[in-house]
Amino acid sequence: MPAISFQSVSKSYPSPRGPQGSTFLALDRVSLDIEQGEFFGLLGPNGAGKTTMISILAGLARATSGKVSVLGHDVQVDYAQARRILGVVPQELVFDPFFNVREALRFQSGYFGVKNNDAWIDELLESLGLTDKAGANMRQLSGGMKRRVLVAQALVHKPPVIVLDEPTAGVDVELRQTLWQFIAKLNKQGSTVLLTTHYLEEAEALCGRIAMLKSGRIVALDSTSELLKAASSNVLRFKVDSELPKLLADKARITGRIVQFPAHDALEIEQYLAAVREAGLVAHDVEIRKADLEDVFLGVMNKNKTPSQERAA
Amino acid sequence: MTGWQMLLYKEVLRFWRVAFQTVAGPVLTAMLYLLIFGHALESHVKVYDQISYTSFLVPGLAMMSLLQNAFANSSSSLIMSKVMGNLVFLLLTPLSYMNWFVAYVGAAVIRGLVVGLGVFAVSALFTDVSFVAPLWILAFAVMGAALMGTLGLIAGLWAEKFDQLAAFQNFVVMPMTFLSGVFYSIHSLPPVWQTVSHLNPFFYMIDGFRYGFFGQSDVSPWLSLSVVGSSLAIVSAVAVYLLRIGYKIRS
């Protein structure tokens, strides 16, 4: 039985702009099974539908059509059981200003009907570096500390399926390390982890399997290693001082002065360098590196440009 | 403690932590009304024989404070959680819509009763109080608080901003409580306004409650009980329905 199963799930919202009665399709017949014990990554640009998927999974939103289940429990029909299995770390940095850290965790534990949970709460506080903040009011905590509390709140009922919606957005390096060590440990002990993130190197390092989402559709779904293999294996990277001709620029990924071309073999690399020379430019700091998940991601996203985005570009 | 008990406990703790504002403040306000109106009108207004105006005023003021605070508790808790975004912690839990209803309304009833008792206890220092029928007092206090806590729950779900909630409070709750006969017997009103008052459910809450103290009232306590009881049933059904469909809290 899959830990999480999406079966042809669509979600449409009333369109905020556009004419009356028109709808915006946030998810378009998404099907996806995440097996028990997986560390699964859900990637996609802003507005791709990642948070919508997680909201439907967590019961914060309802699918317009299709079915979502958690360990076989339908998230609508059998919502209480489904929510007991899920531990969700929301994306927004929210907190209840009336209470301190330990109280917030005790309440959350109580809502799930878990009694005498202080030993686990202490362990969570310890693992997330919150022990000395246990008595502090939520208002007094820094953003990073609040994020840790969100993680602890999601895990307080020992959920077998953990969902993290961009947990490291705007978080310092130290916390990212602590957090991932802890989540990886839980995953090794058998928890299923579903992660959405903007940091592709994190997904590459942690996730065994990855789905890429664009405009409400899954455009790539494979193991991380297969996705990396399928991409052009090398990247030619150099710096130039002035602008590339349009024909070249269209094939490149450009970040300021840094230019990167996906390349399969030495011939292709030579051709790119020759074209740069012909354009009267000089390439500095030339290097060839292995493709990473970011290259795969950009490749997939470009291949799946929708007509409206083509026009806008 | 089961899930709904924890939520009830949290909701009670939420107002108790700021009791200076949520309990002491309303009690002080009611005392100012009692002192000023009592002083100004004691010798001019006689509602029932053998009962001084100040004594007449006490149950009405206690009930008015109880009703307003029951409403304030559930409505402000919900709107704050919505605006702050921390309602998500509840939305993620297996708590059922009935659990939500019981916990939010339960906490509102407790806050209402605490404030009502506070008003009563402090007024007892200034004037004579009597309890002719304590069961009637308790029945109207609990039902009135539940009715207003439920209305507050609906208003809190509906409102998206604090000013919408304030409008509801200032333009609906305040006028209806003030015009319900807290400060006067509706028998002293011209016939037209007597009729209008009979359409105000708040009037029955206050009149029935007062019956418990004096054994006298403008209408029969049984009539008041049935009006308050059926109003409570109707607003509860609406609130439970809104919670069940996740009105404005689940998209």
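Helices here are DSSP runs of H or I with at least four residues, strands are runs of E with at least two, and both are numbered from the N terminus. With that in hand, let's start with chain B, which holds 10 helices and 0 strands. Read from the N terminus on, its elements go α-α-α-α-α-α-α-α-α-α.

A word on what you are looking at: this is a predicted model, in which local features need pLDDT of at least 70 and side-chain atom pairs count only at pLDDT 80 or more, while totals for chains, interfaces and linings use all residues. Residues are numbered from 1 along each chain as its sequence is written, and chains are lettered from A and ligands numbered from 1 in the order in which they are written.

Now for the overall form. The C-alpha atoms of chain B occupy a box of roughly 60 × 35 × 35 Å along the principal axes. Of the 251 residues in chain B, 49% are buried (20 or more other C-beta atoms within 10 Å of the residue's own, with C-beta atoms placed from the backbone).

Next, the contacts, meaning residue pairs whose C-beta atoms, placed from the backbone, lie within 7 Å. Among those in chain B between residues at least 6 apart in sequence, 82% join residues at least 24 apart.

Finally, turn to the neighbouring chain. On chain B, 22 residues are in contact with 23 residues of chain A. Helix 1 (3-17) and helix 4 (88-91) of chain B are the elements that give two or more residues to this side, and helix 1 of chain B gives the most, with 6 residues.

Notes:
Contact = placed C-beta atoms within 7 Å. Buried ≥ 20, exposed ≤ 12 C-beta atoms within 10 Å, placed from the backbone.
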